[in-house]
2 protein chains.
Amino acid sequence: MHIVITGGAGFLGVRLARALIEKKSLAIAGAPAEAITRLSLVDRAEPPADLLADSRVTAVVGDLNALLAQSPERVVPSDAKIVFHLAAAVSGECEADFDLGMHSNLDATRALLEACRARKTVPTVVFASSLAVFGHSEEQPLPAVIEDNTLPTPLTSYGIQKFIGEQLTADFGRKGFIRGRNVRLMTVSVRPGKPNGAASSFFSGMIREPLAGVPGACPVPRDTPVALSSPGLTVRGIIRAAEATDAEWGPRTAVNLPALATTTGEMAAALERVAGKAVAALIDWTPDARIQKIVATWPGRIDAQRARGLGLLPDADFDTVIRDYIRENPHAIAEVART
Amino acid sequence: MHIVITGGAGFLGVRLARALIEKKSLAIAGAPAEAITRLSLVDRAEPPADLLADSRVTAVVGDLNALLAQSPERVVPSDAKIVFHLAAAVSGECEADFDLGMHSNLDATRALLEACRARKTVPTVVFASSLAVFGHSEEQPLPAVIEDNTLPTPLTSYGIQKFIGEQLTADFGRKGFIRGRNVRLMTVSVRPGKPNGAASSFFSGMIREPLAGVPGACPVPRDTPVALSSPGLTVRGIIRAAEATDAEWGPRTAVNLPALATTTGEMAAALERVAGKAVAALIDWTPDARIQKIVATWPGRIDAQRARGLGLLPDADFDTVIRDYIRENPHAIAEVART
């Protein structure tokens, strides 16, 4: 089985690729499990060395729109059975540069779906949408708990573009051009590596940086609610979306992945419990009005009913998520946090 | 005040243009009323003679996408204060020709919004969406009554494209590129003239054709629910969308226009009451599985709460709607129906 991951050199793409390699085989749409024989990682960047060294991995390096315009067959080869579409410009970027977001998110998603439609066989396309489709405002408050059939009211261009991507994926699926799966990712924390342009980037940085022994910004108040998912559970949800039969999956509307309902204050308390007072003291609570304004529109509580039906549950607690991060990223942990 | 109507030579566009001419002036966004000095009717066809003869009317004839690509300034002149975007490929066409729908509905709407964004001043854009954004299926049943915050689950490409148009209009509005208004039209009946490619076309034809003394098809069962609005009330809702202040209008999500909840059987009974047994006997109830399949996904009952708050109420009964049609279209009524 040949699998394509767009954004395959990004944090989630790499994690997904490693999970698939470890899994060795995948069963989709009720068919018997098939060995994963090839992984195409499409991204502007090269994937890390361990993936490049795997004989099953092909790196397709370039801008997704440009690649799709020049040679769609390189992005979605005729034998690819699954396309995990993770590539996207992130929320902060899209808010700062409207055209970039429209091009990287809307145009690229549509071109990718058209490339799939142009093939002779029908691939499974898992579209990674986001809880950013939900926007809370005074004039249109979100319900206290978000359910799968809650009306999305995106208040960022990123959220709008993701929601449009869901609609396109649903209709290409309904038309039989693809087997479509819309899955909404929660705020992923703790992400390793460097901060990115996502407005949600600090939800990882406020934990990751202190664990590395340097200050990490949390630019929102301690009572800010957040619907979190660990990287591991997020990748598990993405894979489950491809595996589920149509009957298990249900309607073409998006499935909200499960989320741990917590707050930045509780996250800081968990950090103190796991890594000590000195580490937690490295969180810099200086407010940032721009980030606060975006984050204030995001929901904090998700009732992921359809995900539960698929066997997907939220992380039990954030202490465990931090401990997992420390175990998985030993090189990124300072001496002070190893107590 | 210069006003643009895309689809301005279509049935609703013409009716809207005539209503605006009769109204003479319009007040938008709480500003004082301004005289309507120019009406640009953008359409592939020429508007009817009465409109062409009006010195305020300019016909801009051509394909909307082509016009926008060649000279956006002709479609959205720099002095245009309101753009009513009614132009669209209809549901039946979009289901039969996927690319046509994507081009005529998604691409044209986006290009129109970009043309508005490129101007120095911010126009009001009223986007005519449709109750076709709601799709009922066994695996994802609609609630018995549709409210403004019911999750749209479009089951036609037309519905998907309209829903995407709403998202784009909302985000262009949020970004301050336009003053955006999303308004969902109900099934309009009785439309004068000829049948069109809309799957809903028969909701007018089953009344219009018998009144003209010829058979009219109703290809769905008598108990088929339908959420109807007369042409007059539909145009009133579209104009109200432009007039309402931001505070009156509320959130950027779409407002469902009010609808009379009825059935094809009740419509036939109304026709018999108004025009007699012989006329109602001209309804041809031969079923059409293709049409039935599409219509079965549409909701029949709308609670148009936001519309009520704007002073918009549904037609009182279908008998009155038929009588209005007869009064407004004397040339289209056969002798047998004049009893």
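1. Conventions. Because this is a predicted model, local features need pLDDT of at least 70 and side-chain atom pairs count only at pLDDT 80 or more, whereas totals for chains, interfaces and linings use all residues. Residues are numbered from 1 along each chain as its sequence is written, chains are lettered from A and ligands numbered from 1 in the order in which they are written, and side-chain values use heavy atoms, with hydrogens and water left out.

2. Overall form of chain A. Along its principal axes the C-alpha trace spans about 60 × 50 × 40 Å.

3. Burial and contacts in chain A. Of the 339 residues, 58% are buried, where buried means under 20% relative accessible area, exposed over 50%, and partly exposed in between (1.4 Å probe, protein chains only). Among the contacts with a separation of 6 or more, 76% are between residues 24 or more positions apart, a contact being heavy atoms within 4.5 Å.

4. Secondary structure and the sheet of chain A. Chain A contains 15 helices and 14 strands, which are DSSP runs numbered from the N terminus (helices H or I, at least four residues; strands E, at least two). An open sheet with parallel pairing is formed by 7 strands in the order 5-4-1-6-7-8-12. Strand 5 (57-61) and strand 12 (255-256) stand at its edges with a single partner strand each, so one side of each lacks a neighbour in the sheet. Within chain A, strand 1 (residues 2-6) pairs with strand 6 (residues 80-85) in the parallel sense over 5 bridges, where pairing requires that DSSP finds at least two bridges between the strands; His2(A) stands opposite Ala80(A) in strand 6.

5. Strand 11 of chain B. This strand (residues 225-229) has 4 of its 5 residues buried, so it is largely enclosed by the rest of the structure. Strand 9 (residues 187-188) of chain B runs parallel to strand 11 and is joined to it by 2 bridges, with Val188(B) opposite Ser229(B). With strand 13 (residues 260-263) of chain B, strand 11 pairs in the antiparallel sense over 4 bridges, and Ala227(B) has Ala261(B) as its bridge partner.

6. Two buried residues of chain B. Gln167(B), in helix 7 (residues 157-174) of chain B, counts as buried at 7% relative accessibility; leaving out residues up to four places away in sequence, Gln167(B) touches Pro154(A), Ile160(A), Phe163(A) and Ile164(A). Ser40(B), in strand 4 (residues 38-43) of chain B, is buried at 1% relative accessibility, and residues touched by Ser40(B) include His2(B), Thr58(B) and Val60(B).

7. Backbone points to inspect. A cis peptide bond joins Ser189(A) and Val190(A), with omega about 15°, and the bond from Ser189(B) to Val190(B) is cis with omega near 10°. Lys24(A), which is not glycine, has a positive phi near 70°; Lys24(A) lies in the loop between helix 1 (11-23) and strand 2 (25-26) of chain A and is exposed, with a relative accessible area of 56%. Lys24(B) likewise has a positive phi of about 70°.
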